[in-house]
Amino acid sequence: MGTGKAAQAGSIVSTHPDFEDALTPDTLAALMRSTWTWDDRALRRDLSALLVEVAAARGDVADASIGTALRARALATAARFVANVLGPRLAADVGGTIHSQLFSAAVDPAIFDRAASSTRSEVRARARQYLRAHAQTVNNPDESSWLTMATANGVRGLGEAMREYGYALATSPLLGNVALAWQTLRALGADGSEYAARIAQGEISATLAAAERSGSWDPALVRTKANPVLEGWTLTGAKHFVPDAAGADLVLTIARSIAGPSLFAVDAKAPGVTMTELAGIDATRPLFSIEFDDTPAELLGEEGRGGALMRQSIDLLMTALAGEQVGIIERAVDVLSRHAHDGSLEQELVQATLDHAAAISLWRQALDNEAAVGSAAAAHIGCSTASLRVASLAAEVAGGSEEATAIQRRALSSNLLLGGPAVFYERLLDRLGI
């Protein structure tokens, strides 16, 4: 997760010089382990959310006043989190190195609240300029270029294509075909290279069927069975929440063999395949159930490797989804800007500015060639939360317009596709080994 420093926040931490440096996954996890709170799911969720705020503030935020505001917001959140974890130990310090680093800041959270309020006032004066300047940098390349952009330029090219995909609320199969199927085949290596090349050349379209009825991507919950036969393999079972299945030629499927979860390639028109569109909230991105009934399949890669591959795939997908969510924020900001006149919506524009800056910071960290452990999960949490919040603001301000409603539903769809808040906070802690 981010290690850079946002702009200095003046005297925000001058009386607590060690506080910000102590806001690391290891230190905060050790603090929780030293108290009764370690198994408190609500506080674990708060820890995950705090780590995302800190990572956003420590990323590359070009505007100094906005970076300072993100930093102040993270410190205010941190002070209250530490107070909640310490509980009675805050009332009477019983000592300990970890506590001494954090104790004084938790006693006096108001200093951070004042700083956060002051920096928001500075952002208020700059919000319109920031949003207007950013809008002028959006390129909006034609949809016909997205496949090449995504497959020719690696994770960054895919990220930019997904950003445009989100901004356009596009119905193209970029998510299933490239963000899921193509990236999974690339992660597989040589055993997936032929199919990956055909996707990149536009010869075939594919999707990945991993989740089942619960919507979870946990390999332990895979129930679709893979059975060896003389001619290869057959699959029996059902997958759910599969994007872009209707137009796919190939369905990459995680199924359980004796060795464990494994990856299989299934011709979408093979015997025993039944696709059903699910009733969903987002008309721009329908999701499907796929049933397999003794369906012929081809094993890809090593049998039993599917669990590890699911983990790799979900990290790659989270980074791609973060790009989409940045685009959704930018589309929602367009709606807000069109309704903001003569000083109206100042608070909403400040919130949108901070959310956009935090999302960009987290997304860029995840795109980095040397991205830190947990960066993809942090980006998914931060960008999901920000996009849903800004999209909801736009829907409220626009009075339920068709465009604003579509933006809000796309934001909600992206937020929930991989399990939503019910799982993504724990996913980050898992990636960090907490």
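This is a predicted model: local features need pLDDT of at least 70, side-chain atom pairs count only at pLDDT 80 or more; totals for chains, interfaces and linings use all residues.
Thr234 itself belongs to strand S3, which spans residues 232–243. The relative accessibility of Thr234 is 12%, and because burial is assigned under 20%, this residue is classed as buried.

A helix–helix packing was also examined. Helix H8 (residues 154–168) and helix H11 (residues 306–339) approach one another with their axes within 6 Å, at a crossing angle of roughly 35°. The crossing of H8 past H11 is right-handed. On the H8 side, the contact is formed by Val155, Leu158, Gly159, Met162, Arg163, Tyr165, Gly166, Tyr167 and Ala168. H11 contributes Thr319, Ala320, Leu321, Gly323, Glu324, Val326, Gly327, Ile328, Glu330, Arg331 and Asp334. Classified by residue type, the contact between H8 and H11 comprises 10 nonpolar, 5 polar and 5 charged residues.

The mean pLDDT of the protein is 90, with 93% of its residues at 70 or more. Strand S1 (residues 206–209) has the highest confidence, at a mean of 98, whereas the lowest is found in helix H5 (residues 97–107), at a mean of 72. Over residues 2–10, pLDDT remains under 50. For this segment, the model has 20 contacts beyond four places in sequence.

Notes:
Residues are numbered from 1 along each chain as its sequence is written. Side-chain values use heavy atoms; hydrogens and water are left out. Axes are lines fitted to C-alpha atoms, for helices over the stretch in contact, and angles run from 0 to 180 degrees between N-to-C directions. Helices (H or I, at least four residues) and strands (E, at least two) are DSSP runs, numbered from the N terminus. A crossing is left-handed if the near helix is turned anticlockwise from the far one by less than a right angle, and right-handed if clockwise. Contact means heavy atoms within 4.5 Å. Ala, Val, Leu, Ile, Met, Phe, Trp, Tyr, Cys and Pro count as nonpolar, Asp, Glu, Lys and Arg as charged, and the others, Gly among them, as polar. Buried means under 20% relative accessible area, exposed over 50%, partly exposed in between (1.4 Å probe, protein chains only). pLDDT is the predictor's confidence in each residue, from 0 to 100.
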